[in-house]
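Student: Hey, I've just opened this one and I'm new to it. Can you walk me through the inside of it?

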Amino acid sequence: MSDTQSSSDVDTNTDSSTSQTWRDDFSRVLSPVFGAPQLDIVRGQGTKVWDAAGKEYLDLLAGIAVNALGHCHPAWVKAITTQAGTLGHISNFFTSPPQIALAEKLHEVLDLPSGSAVFFSNSGTEANEAAFKMARRAGGGERPIIIAIEGAFHGRTMGSLALTAKATYREPFAPGVPGVVHIPYGDVEALAAAVNDTTAAVFIEPIQGEVGVRTHPAGYLTAARELTRDAGALLVLDEVQSGVARTGSWFAHQDPNIGEGIVPDIITSAKGLGGGMPIGATITVGDANTKLLEAGQHGTTFGGNPISCAAGLAVLETIENENLLAHTRETGEWLKAQLQGIDGVVNVTGTGLLLGIELSPGHDAKAIAARALEAGFIVNPVTADRLRLAPPLIITQEELTPFLTALPGLIAG
Ligand code: PLP
């Protein structure tokens, strides 16, 4: 690319034979863990991406709730390129202005009490891995048990994997990390029976994304807060997917309808925080910090990387400047109402722009997602009978309308 050429000028006029070659190359040189790629995506702009053959897609998944500002938002591109031209990486022996500015911004949007602290890493699983280690430290030998919920997804590194509920993700790696107990979803009595003076922490996603976008029954988070506080255990909220304005609040637990006004001990964030640059954050609230990790007990080379932090700051500032909290709430409510009237849709779950479309019996989410892709819409068949939508927060009703028009036909098949 020349100095004056922008990313959107990159030649994307590749044909389908090039695309086939790329897929062959993929299976020759890359790990098979993600299965065969469905598309070769070569360019993105706003809410759209283009494949190698030049076909346009409306991106209703945003890299799984990552591209909060859409693709190549000018503020995000400017922040990254400016920072890359200023200071790209330093070790954690030092600090840099973007790291401090992003941490300060997180303190501000979360309205954190003094003593609270941010630990930066590179992904959601690492954010939870740090929280896991904090829970182990807080519990000491006396409190060996960490509780997670059925349906939970907390990541794939060994500690986070232990918290993830799906047995097929965990079992190939047995014996795994000991001490994690999964309790039934939405069951306050089961929670009350499980939390006691052997509990180091309870990990909860305010909205369970990977199980099909599921919120907890009313009163559940309040009960979790009271039970953990009474037992002297930590309450960790995993906001990796639900945070960073995804639900129309900065973090989902700040929405009174979801979080019921509770204040957790630890919040984990990633995905939308970098808007497409890798970053994770483990945020300890108030004096939770004092009993957790000490100097030298945890670390990562790239955590707090100036470019990722500059990207994160651009994401949070743009959400503010473009009024995206209100926009996400309003667009999400409108979208939910539109979806609810569609034949074959039994229920629409979630809040803001994190929605689950529950299909009536006999419908196969995977087949519908494949037809949608063919028609130029990226959606996610998150379970056998649910589609997940997590579009860029900048998406408009006008951009969503063609999808809503096509959806009945895509469902009918
Ligand atoms: N926690 C939640 C709630 C998630 O949704 C995810 C990813 O989907 C993770 C943790 C893991 O994040 P990452 O894939 O960045 O490691």
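Student: How many residues does the largest nonpolar core have?
Tutor: That core has 56 residues. Keep in mind that this is a predicted model.

Student: Which residues have the most contacts inside that core?
Tutor: Those would be Leu60, Leu106, Ile319, Leu339 and Phe403.

Student: Let's pick Leu339. What is Leu339 in contact with, leaving aside its neighbours within four places in sequence?
Tutor: Leu339 is in contact with Val345, Val348, Leu355, Ile357, Leu389, Phe403, Leu404 and Leu407. Phe403 also turns up among the residues with the most contacts inside the core.

Student: And what does the second core include?
Tutor: The second core is separate and has 16 residues, among them Ala135, Val180, Ala200 and Ile266.

Student: New topic, pockets. How much space lies in the second largest pocket?
Tutor: About 510 Å³. Its lining is made up of 22 residues, and Val118, Phe119, Phe120, His298 and Gly299 are the ones nearest the centre.

Student: Which element gives the most to that lining?
Tutor: Strand E4, with 4 residues. E4 covers 117-121. Helix H4 (97-110) and strand E12 (280-284) each supply at least two residues as well.

Student: What's the lining like by class?
Tutor: There are 9 nonpolar, 12 polar and 1 charged residues in the lining of that pocket.

Student: OK, backbone now. Where is there a cis peptide bond?
Tutor: Between Ala174 and Pro175, with omega at about 10°. Pro175 sits in the loop between helix H7 (167-170) and strand E6 (180-183).

Student: Why point that out?
Tutor: Because most peptide bonds are trans, and most residues other than glycine have a negative phi.

Student: Which residue has a positive phi of about 55°?
Tutor: Ala62, although it is not a glycine. Ala62 lies in helix H2, residues 62-65.

Student: Is Ala62 buried or exposed?
Tutor: Ala62 counts as buried, because its relative accessibility is 0% and the cut-off for buried is under 20%.

Student: What about Val244, what is its phi?
Tutor: Val244 has a positive phi too, about 60°, and is not a glycine. Val244 is placed in the loop between strand E10 (234-238) and helix H10 (256-259).

Student: Buried or exposed, that Val244?
Tutor: Val244 has 3% relative accessibility, so it counts as buried.

Terms used:
Residues numbered from 1 in each chain as written. Predicted model: local features only at pLDDT ≥ 70, side-chain atom pairs only at ≥ 80, totals over all residues. Heavy atoms only, no water. Core = buried A, V, L, I, M, F, W, Y, C linked by side-chain atoms within 4.5 Å. Buried < 20%, exposed > 50% of the residue type's maximum accessible area, 1.4 Å probe, protein only. Contact = heavy atoms within 4.5 Å. 1 Å grid on protein atoms, 1.4 Å probe; cavity = no way out; pocket = protein on both sides within 12 Å on 5 of 7 lines; lining within 4 Å. Points joined across faces, edges and corners; volume = space filled by probe spheres on them. Nonpolar A, V, L, I, M, F, W, Y, C, P; charged D, E, K, R; others polar.
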